[in-house]
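Please look through the structure shown here, and then follow the questions and answers below it.

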Amino acid sequence: MKFLSSLLVVLALTFIAWFGVGVLKLYAVFGIGIPYLALIIFAIGFTNRLLQLEQNNPENSPGTKKLTARRLLELLYFRSFFGNIKMKRQESKEESGPSNWFWAGVYIFFGALLIILIRHLRLFLNPVPSFIQGLETIDSFLTIGFPHNVIYITDIVFIVALAVIVLRSIYSSFMKNTSASLSYVPLFLLLGSALSGIIMVYYWRVDIVSVKELGMGLVTFRPFIPTNEGSILFIHIFLVSSLLVYLAMSSRKPMYQWSTSENEANIG
Amino acid sequence: MIYSKKIYLGILIFIILLISPFLASLGKANVPPVPSLDTPVINAMAVKQCVEPTEYMKDYHMQLLYKWRDEYVREGNMIYVNSRGQKYTISLEKTCLKCHSNEEQFCQKCHTYAGVKLYCWECHQK
């Protein structure tokens, strides 16, 4: 039941945002202060992590060219999720099967996340660039399923992928043995961010013009505080901010070091 | 620790991507759209109120339109009773657009600002 403590952390964060805005009315803190702070922490923390990537063993380094190639493969292709070895050298098919499906899932997961992030730029850019408008239109063309609203395809895909990841890590013995007790925090933060965002579209609707005014206020440094919107907007912002801070400060090693041989030359 | 030059390039790209919305908005003012209520029908109204309160209409106008669509098309109900108990004919063209006859200056103002595409005219005729 390791995930329970992580779930409690995220529920506590949700409660803090609800209490801060719904009861204490700290709109400026949760709408302006925290997003700025989170972005600054994220920028510093992530830069720091990029610098950590450089720390490889010079005696057994494969050389910059090979290292760059490996990192590009990892970034664009998620090589480490593909078993990190070429298919032809895989000895048993059983081994490669499930990890290939997982690899495809990872691609879909990050793809959906990327599209969702790009879609959000419509709230931070005025006028909305045509490619973001186009992406929005393509992503929301389905209306079947929810009888009274459009569905964002990426929202559905993202939630399903996230659910699979959470269930997989709860049930698979590998993750059970290796995961620390709070390692579900980023997953639940993502889930909370996505759900609070979806709720705003389908159930507790907010005035999108006020939301964009808040967003534009942040990027133009001319803050605007929407005081008549529901707490759900600020819960969404707070969970996303928490995720940014987590990504900047978590003690996890960078992705490339998940495979120990990543920064070293091939032996033999 | 000596870093290679490439990592600085990477960091530069990361920072630029992160602050790109700030860069794109440099020197711009934060001006929200003001939808115009200046139409002959609205000007002639003694009490200027919409079908439902303004705050509700801002957030839920599309939900109301979906509800109207289902009530009219599927259930044959042509009258909508609002929260004040007043009756309105369920019709986009005869009720909504009778007052809001200035699509460019009313609907489009916010829809363009928020990047939400209007698709009324894919079925309805202007």
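Q: What share of the contacts in chain A with a separation of 6 or more lies between residues 24 or more positions apart?
A: This is a predicted model, in which local features need pLDDT of at least 70, side-chain atom pairs count only at pLDDT 80 or more, and totals for chains, interfaces and linings use all residues. Residues are numbered from 1 along each chain as its sequence is written, and side-chain values use heavy atoms, without hydrogens and water. Where contact means heavy atoms within 4.5 Å, the share for residues 24 or more positions apart, among contacts in chain A with a separation of 6 or more, is 71%.

Q: How many helices and strands does chain A have?
A: Helices (H or I, at least four residues) and strands (E, at least two) are DSSP runs, numbered from the N terminus. Counted in this way, chain A has ten helices and zero strands.

Q: Are helices α1(A) and α10(A) parallel, perpendicular or oblique to each other?
A: The axes of α1 (residues 3–23) and α10 (residues 231–249) of chain A come within 9 Å and cross at roughly 135°. Angles under 35 degrees count as roughly parallel, over 145 as roughly antiparallel, 65 to 115 as roughly perpendicular, and the rest as oblique. The two helices, α1(A) and α10(A), are therefore oblique.

Q: How many residues of the contact of α1(A) with α10(A) are charged?
A: Asp, Glu, Lys and Arg count as charged, Ala, Val, Leu, Ile, Met, Phe, Trp, Tyr, Cys and Pro as nonpolar, and the others, Gly among them, as polar. The contact of α1(A) with α10(A) has ten nonpolar and four polar residues, while the number of charged ones is none.

Technical notes
Chains lettered and ligands numbered in written order. Axes fitted to C-alpha atoms, helices over the stretch in contact; angles between N-to-C directions.
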